[in-house]
Amino acid sequence: MNYDDKEYLKKLGKNISKIRRTNKFSQLDICAIISMEKSNLSAIENGRQNPTTLTLKKIADAVGVEVHDFFKFD
């Protein structure tokens, strides 16, 4: 399925947030682990910021998943 850029980032962010919460991590937990400002993680999870591949890897490692798990859209 094709998504416009804005919709794509929102879906990605929603998945990151869902996986983070499912694995019982708060945003502050993740930010402490990967040395990121909470405002940046919040912007990623709300689809307002396009994360780099390295940031995605850091988040995935912190919550114990693979990066590709973030891209499993419903």
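**How helix α2 meets its neighbours**

Helix α2 passes helix α3 in a right-handed crossing. Please keep in mind that this is a predicted model.

**α2 with α3**
- Helix α2 spans residues 27–34 and helix α3 spans residues 38–45; their axes come within 9 Å and cross at roughly 120°.
- On the α2 side, the residues in contact are Q27, L28, I30 and C31, and they meet K38, L41, S42 and E45 of α3.
- By type, the residues of this α2–α3 contact comprise four nonpolar, two polar and two charged.

**α2 with α4**
- The axes of α2 and α4 come within 10 Å, with a crossing angle of roughly 115°.
- The two helices, α2 and α4, are therefore roughly perpendicular to each other.
- Here, too, α2 makes a right-handed crossing as it passes α4.
- I30, I33 and I34 of α2 make this contact with K58, I59, A62 and V63 of α4.
- Six nonpolar residues and one charged residue form the contact of α2 with α4, with no polar ones.

**The buried side of α4**
- Helix α4 covers residues 53–63, and T55, L56, I59, A60, A62 and V63 are buried in it.
- These residues lie on the same side of α4 because they cover an arc of only 160° around the axis.
- What do the buried residues of α4 pack against? Their partners are α1 (5–22), α2 and α3.
- Just after α4 comes G64, which takes a positive phi of about 80°.

Terms used. Residues are numbered from 1 along each chain as its sequence is written. This is a predicted model: local features need pLDDT of at least 70, side-chain atom pairs count only at pLDDT 80 or more; totals for chains, interfaces and linings use all residues. Side-chain values use heavy atoms; hydrogens and water are left out. Axes are lines fitted to C-alpha atoms, for helices over the stretch in contact, and angles run from 0 to 180 degrees between N-to-C directions. Helices (H or I, at least four residues) and strands (E, at least two) are DSSP runs, numbered from the N terminus. A crossing is left-handed if the near helix is turned anticlockwise from the far one by less than a right angle, and right-handed if clockwise. Contact means heavy atoms within 4.5 Å. Ala, Val, Leu, Ile, Met, Phe, Trp, Tyr, Cys and Pro count as nonpolar, Asp, Glu, Lys and Arg as charged, and the others, Gly among them, as polar. Buried means under 20% relative accessible area, exposed over 50%, partly exposed in between (1.4 Å probe, protein chains only). The arc is that of the directions from the helix axis to the C-beta atoms. Angles under 35 degrees count as roughly parallel, over 145 as roughly antiparallel, 65 to 115 as roughly perpendicular and the rest as oblique.
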